[in-house]
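Try each task before you read its solution.

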Amino acid sequence: MNLRHLRCFIAVAEELHFGRAARRLHVEQSPLSRTIRQLEADLGVTLLERTPRGVHLTPPGQVFLEEARRVLLTLEQAQTKARAVAAGHRGTLRIALAGGVGRTRLSALLALCREEAPEVGIRLFEARLSEVVGGLGNDLYDAAFAMTGEMEAGMVAKPVWQDPLLVAVPARHPLLAHKRVPLEEVVGYPLVLCHPQVGQECSRQCERLLRLVETPPVVAEYVTTHSLMLALVAAGYGVGFSTAAHVVACRQADVIVRPLDEDSAALTTYLLHPEGAMSEPLRHFIDRAQRVGHMPLDTQ
């Protein structure tokens, strides 16, 4: 077994189709199939179930996929650390991103880190929350940003950014009569919301907000990206929620935002890290993240 076997297996496991995996790897399908069979023979277990309807992961295959990803990530981090030291960096912070972290806040933080600590490299990883928490526990990441602070024992969640929720509405919409829009007025129109399966943590925060009003909301569409939400709002499908950190990064002339007339209407971003002693670079990184959280964001 070697790294090529792992990369081939990950491609097939993620695509669940030998043809697509072969195109992704730029190889022929037959050699790819032989590689997977050789891997299964070496392990002595069946990783993939092949049926006329397609390819499916077996329970051992699901476990092996997680571990194979972990092996390649560890190798990549080792390469990154070696290159960072060669380039004169004193170390590298491995920061994971789970959920819809505001691009404007993140950009401001990275710029501040480059200005104040250029000798410390920063490596970013995007992953699902469950993978992020597991990676923090297994020393794959030093810290992470997420939209939830509900952590199990052994993990610390610090609120670093709190961005007031804004209402995104089409131009010339009745809600624009309000400088601060009452939540009761918002739920009188169809909503375009983040899909719970994609932005689970962000969706939960919005759900808690909507439970403050008696009128059950009508959801016109669930979307997987902020840009799609803005496109549907501009087209008149409904109104949506956003924050200054997201709106500043993608302005649209045909979408106008207004603050909500509700003090608790805000999205909180948390910085997660394991309990216990932390390195000096990580301590300074957390301090900078909290400072960025106090920076005003212009939405006009």
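**Exercise 1: The whole chain**

Of the 300 residues in the chain, 42% are buried. The model is a predicted one.

Solution: 
- Step 1. Along the principal axes, the C-alpha atoms fill a box of roughly 70 × 50 × 35 Å.

**Exercise 2: H2 against H3**

Task: Find how the axes of helix H2 (residues 18-25) and helix H3 (residues 29-43) cross.

Solution: 
- Step 1. Get the geometry. The two axes come within 9 Å and cross at roughly 105 degrees.
- Step 2. Classify the angle. Values of 65 to 115 degrees count as roughly perpendicular, so H2 is roughly perpendicular to H3.
- Step 3. List the partners. Phe-18, Gly-19, Ala-21, Ala-22 and Leu-25 of H2 meet Gln-29, Leu-32, Ser-33 and Ile-36 of H3.
- Step 4. Sort by class. The H2 contact with H3 has 6 nonpolar, 3 polar and no charged residues.

**Exercise 3: H1 against H3**

Task: Describe how helix H1 (residues 3-15) packs with H3.

Solution: 
- Step 1. The angle is about 110 degrees, and the axes are 9 Å apart.
- Step 2. H1 is therefore roughly perpendicular to H3.
- Step 3. H1 contributes Arg-4, His-5, Cys-8, Phe-9 and Val-12; H3 contributes Leu-32, Thr-35, Ile-36, Gln-38 and Leu-39.
- Step 4. The H1 contact with H3 divides into 6 nonpolar, 3 polar and 1 charged.

How values were computed:
Residues are numbered from 1 along each chain as its sequence is written. This is a predicted model: local features need pLDDT of at least 70, side-chain atom pairs count only at pLDDT 80 or more; totals for chains, interfaces and linings use all residues. Side-chain values use heavy atoms; hydrogens and water are left out. Axes are lines fitted to C-alpha atoms, for helices over the stretch in contact, and angles run from 0 to 180 degrees between N-to-C directions. Helices (H or I, at least four residues) and strands (E, at least two) are DSSP runs, numbered from the N terminus. Angles under 35 degrees count as roughly parallel, over 145 as roughly antiparallel, 65 to 115 as roughly perpendicular and the rest as oblique. Contact means heavy atoms within 4.5 Å. Ala, Val, Leu, Ile, Met, Phe, Trp, Tyr, Cys and Pro count as nonpolar, Asp, Glu, Lys and Arg as charged, and the others, Gly among them, as polar. Buried means under 20% relative accessible area, exposed over 50%, partly exposed in between (1.4 Å probe, protein chains only).
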